[in-house]
Amino acid sequence: MSTEFQRRYNEWPYRLIILSLLFAMLAGCGLKRNPIPVEMQAQASLPGYSEIRFFGDTTPKNMEDAMKQWAAREINGPAASELSFLSLSGGGADGAFGAGFLCGWTARGDRPEFGLVTGISTGALIAPFAFMGSDYDPFIEMFYTTFETSDLVQQRSYVSAISGDSVYSTEPLRNALKEFLNHEFIAKIAAEHRKGRRLLIGTTNLDAMRPVYWNIGAMAQYGTPEADQLIRDVILASASVPVAFPPVYFKVKAGDKIYDEMHVDGGVTNQVFSYPPSVHLREELAKIGEERKITLYIIRNDSLISEGEQVEPYIGGIAARSLHGLIRNQGIGDLYRMYYTAQRDGIDFKLTFIPPDYNEESDELFSPVYMSKLFVLGKGMAMGPNPWHTAPPSSMSRESKGPAEVILK
């Protein structure tokens, strides 16, 4: 093997790809579970819970009830003059950009209370605190500037990884979620849900290969330790990058039997989302007399470009580079889908992302040094004179100009 390949192999994305290829060759050696029969996947539900999730590629069955609950917001307190939605994308350690942007937005003084917050992957970790407001800015700053890889995941031995379902264990992150998303905090989410506000987290049902959107506020209404843990499990699943981190299994009922439903990173199916395109939101809101202006804010924790490089002709490098491009371009497609859906529904579109000419690199999964720099960048951009794009950029080259230009000079 060449010196270049040895260097690449020492970088975590390449180890990930090579191990995934080994997994494929050793298919059948993994963990045992009780999967749902294919023909029953669409009807599976969580025993003891009702209307807490729906497939993201369909219209929710309880759409009428959801609109009635939204209308009830007027009764539960004074409503804002406008409605604001926030969508937080995936991006791993690049979530530090979104965390910094939110803190800078607070400092800017015009950050609204969001009627709807959605999160995928690293965005799912930020979303509950963004939903609860600027009082939690110090927490997201601490999380994205001081935590390092060992605080969140533990690398397994190669033998354990090949015979199991992931390269890393997420037990440290699971414990952190239990500490920060405690019962008191979840009860506050429940209270905001009763006001008509909504918090949705996206995962991928890997059995069905479909996006699933979980209504965190509806889950919080149950107020039990089991419901609290279910919320934490959903957020963990949303951030569980396949191969790197283990899937999260949910006990579901289909027919008269209990099965194990496998969920992974929501980014497998969507890098970012707001509401299903099948929902004509303006028409639905008109049915309840809701005609206020709506603005959709999107924080994309990515630069939207792939920098040119010379790819080494080895299977790990080719696979990693291809996967990188697949994820990035999927995210760009998600932005255009959201943009055209917003145009159709008369919603103002606001987008921010890591600027094209930002080229810092991290040498590990979660580097406090790397994330601190991104946090500062995001905060500065939010406080700048023009922090938002009003459409996805038409050019993805490093020469593209955007709201971050003044920050980067």
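Student: Which residues touch the most other members of the largest nonpolar core?

Tutor: Keep in mind that this is a predicted model. The largest nonpolar core holds 79 residues. Within that set, the ones touching the most other members are L86, L88, L102, W105, W214 and I216.

Student: What does L86 touch, leaving out residues up to four places away in sequence?

Tutor: L86 is one of the residues with the most contacts to other core members. With those sequence neighbours set aside, its partners include L102 and W105.

Student: How many residues are in the second, separate core?

Tutor: Look for F273, V279, Y339 and L351, which are among its members. Together with the rest of that core, the count is 28 residues.

Student: Back to α6: is it parallel, perpendicular or oblique to α11?

Tutor: The α11 helix covers residues 183-194, and its axis sits 10 Å from that of α6. The two pack at an angle of about 60°. Roughly parallel needs an angle under 35 degrees and roughly perpendicular needs 65 to 115, so α6 and α11 are oblique.

Student: Is that crossing left-handed or right-handed, and what classes of residue make the contact?

Tutor: The crossing of α6 and α11 is left-handed. On the α6 side the contact uses P128, F129, F131 and M132, while α11 supplies F185, K188, I189 and E192. Sorted by class, that gives six nonpolar, no polar and two charged residues.

Student: Where is M209, and is it buried, exposed or partly exposed?

Tutor: M209 is in the loop between β6 (198-205) and β7 (210-215). Its phi is positive, about 50°, although M209 is not a glycine. Most residues other than glycine have a negative phi. Its relative accessible area is 46%, between the 20% and 50% cut-offs, so M209 is partly exposed.

Student: What is the phi of V243?

Tutor: V243 lies in the loop between α13 (225-238) and β8 (248-254). With 24% relative accessibility, V243 counts as partly exposed. Its phi is positive, in a residue other than glycine, with a value near 75°.

Student: Zooming out, what percentage of the protein chain counts as buried?

Tutor: The chain has 17 helices and 11 strands. Buried means under 20% relative accessible area. Of the 409 residues, the share that counts as buried is 53%.

Technical notes
Residues numbered from 1 in each chain as written. Predicted model: local features only at pLDDT ≥ 70, side-chain atom pairs only at ≥ 80, totals over all residues. Heavy atoms only, no water. Core = buried A, V, L, I, M, F, W, Y, C linked by side-chain atoms within 4.5 Å. Buried < 20%, exposed > 50% of the residue type's maximum accessible area, 1.4 Å probe, protein only. Contact = heavy atoms within 4.5 Å. Axes fitted to C-alpha atoms, helices over the stretch in contact; angles between N-to-C directions. Helix = DSSP H or I, 4+ residues; strand = E, 2+ residues; numbered from the N terminus. Parallel < 35°, antiparallel > 145°, perpendicular 65-115°, else oblique. Left-handed = near helix turned anticlockwise from the far one by under 90°. Nonpolar A, V, L, I, M, F, W, Y, C, P; charged D, E, K, R; others polar.
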